[in-house]
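Dear colleague,

Please find below the structure that I am handing over to you.

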Amino acid sequence: MRYPKEIILKDGQEAVIRHLEKGDESALRAFYSRIPEADRWYMRYDVTDPSVIRKWIDGIGKGNVYSIVAFSGEKIIAHASLHMRGFGCTAHVGRLRIMVLPEYRHKRLGTWMLLDLIQLAMDKGLSELRADFVAGIEDAAVDSAVKLDFFKRAVLEDYVKDPDGNRHDMIIMIKRLHKDWGDF
């Protein structure tokens, strides 16, 4: 994958996608501070904790997490990552996480980033990708994933709880990868 990559969003706005870099810590913290609390409740990490972002920045180039970011001007507008085990019975499966600022959603930015992560997973020799979604909250993301050949592998009923204690289903989606795009 060659970066930086200039893209045009659905509404004509320009953005640049590139790898997360060591100097992006303050921009990444600012990005997550602009994500509404309602969107942060189902994340795996407390992204408002500076030590979480510091750990991600310190992990660049080490381990099995690859992160990309999208910029509009000097501002990060999306963050996506591919998580790989590297060893064990699920070493062939990558996990995806994508977060986009609300004002940049439904403009195909998440799709651009997802396509890049799919290519990276193929380049790394993975055979499957997994993405987890909260039903009723991330339905647009589920629809986008389906368009890229992800399929529902399981639904964990009433698995996640929101801040008010309401339970939601978690949808686990899988995409089988091929050696290259011509194998679809």
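Two residues are said to be in contact when they have heavy atoms within 4.5 Å. By this criterion, and not counting residues up to four places away in sequence, Leu109 touches Ile7, Leu9, Ala70, Ile77, Ala78, Val100 and Tyr104. This is a predicted model, in which local features need pLDDT of at least 70 and side-chain atom pairs count only at pLDDT 80 or more, while totals for chains, interfaces and linings use all residues. Residues are numbered from 1 along each chain as its sequence is written, and side-chain values use heavy atoms, with hydrogens and water left out.

Leu109 is also among the residues with the most contacts inside the largest nonpolar core, together with Leu28, Leu82, Leu129 and Phe150. Such a core is a set of buried Ala, Val, Leu, Ile, Met, Phe, Trp, Tyr and Cys residues joined through side-chain atoms within 4.5 Å; buried means under 20% relative accessible area, with a 1.4 Å probe and protein chains only. The core has 48 residues, and helix α4 (residues 109–123) gives the most to it, with 8. Helices (H or I, at least four residues) and strands (E, at least two) are DSSP runs, numbered from the N terminus.

In helix α1 (residues 25–33), the buried residues are Glu25, Ala27, Leu28, Phe31 and Tyr32. They lie on the same side of α1 because they cover an arc of only 165 degrees around the axis, taken from the directions from the helix axis to the C-beta atoms. Their cover includes α2 (37–40), α3 (50–58) and β3 (65–72).

Overall, the chain has 5 helices and 8 strands.

With kind regards

Key:
Buried means under 20% relative accessible area, exposed over 50%, partly exposed in between (1.4 Å probe, protein chains only).
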